Amino acid sequence: MDSALKPLKAALEAIRDMALNALTQIEQPQKTRSMRWVCKECRYIKHFTKSVSWKALADAPGCKSTAFNPLL
């Protein structure tokens, strides 16, 4: 009975590992890239035509802050 369960266990562990890897890849871009960013201080919203990281942002025009949050 033990030898019959080993392939099943290995297959399920492989599926789990692939699912965890996929979830990790999905979560990372959402945290670092967005098409819209909002200033934490003055609430100014910067719009882009494609997703960009926070490193591509310049200062907010009103308050000159560099602190932005992504809008998903």
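**Exercise 1. State what share of the protein chain is buried in this predicted model.**

Solution. Buried means under 20% relative accessible area, with a 1.4 Å probe and protein chains only. Of the 72 residues, 14% are buried. The accessible surface, by the Shrake-Rupley method with a 1.4 Å probe, comes to about 5,800 Å². Carbon and sulfur atoms hold 59% of that surface.

The model is predicted, so local features need pLDDT of at least 70 and side-chain atom pairs pLDDT 80 or more, while totals for chains, interfaces and linings use all residues. Residues are numbered from 1 along each chain as its sequence is written, and side-chain values use heavy atoms, without hydrogens and water.

**Exercise 2. List the elements of the protein chain in order and find where confidence is lowest and highest.**

Solution. Helices (H or I, at least four residues) and strands (E, at least two) are DSSP runs, numbered from the N terminus. There are 1 helix and 3 strands, in the order α-β-β-β. pLDDT is the predictor's confidence in each residue, from 0 to 100. Helix 1 (residues 2–32) has the lowest mean, 84, and strand 1 (residues 33–39) the highest, 86.

Note on methods
Buried < 20%, exposed > 50% of the residue type's maximum accessible area, 1.4 Å probe, protein only.
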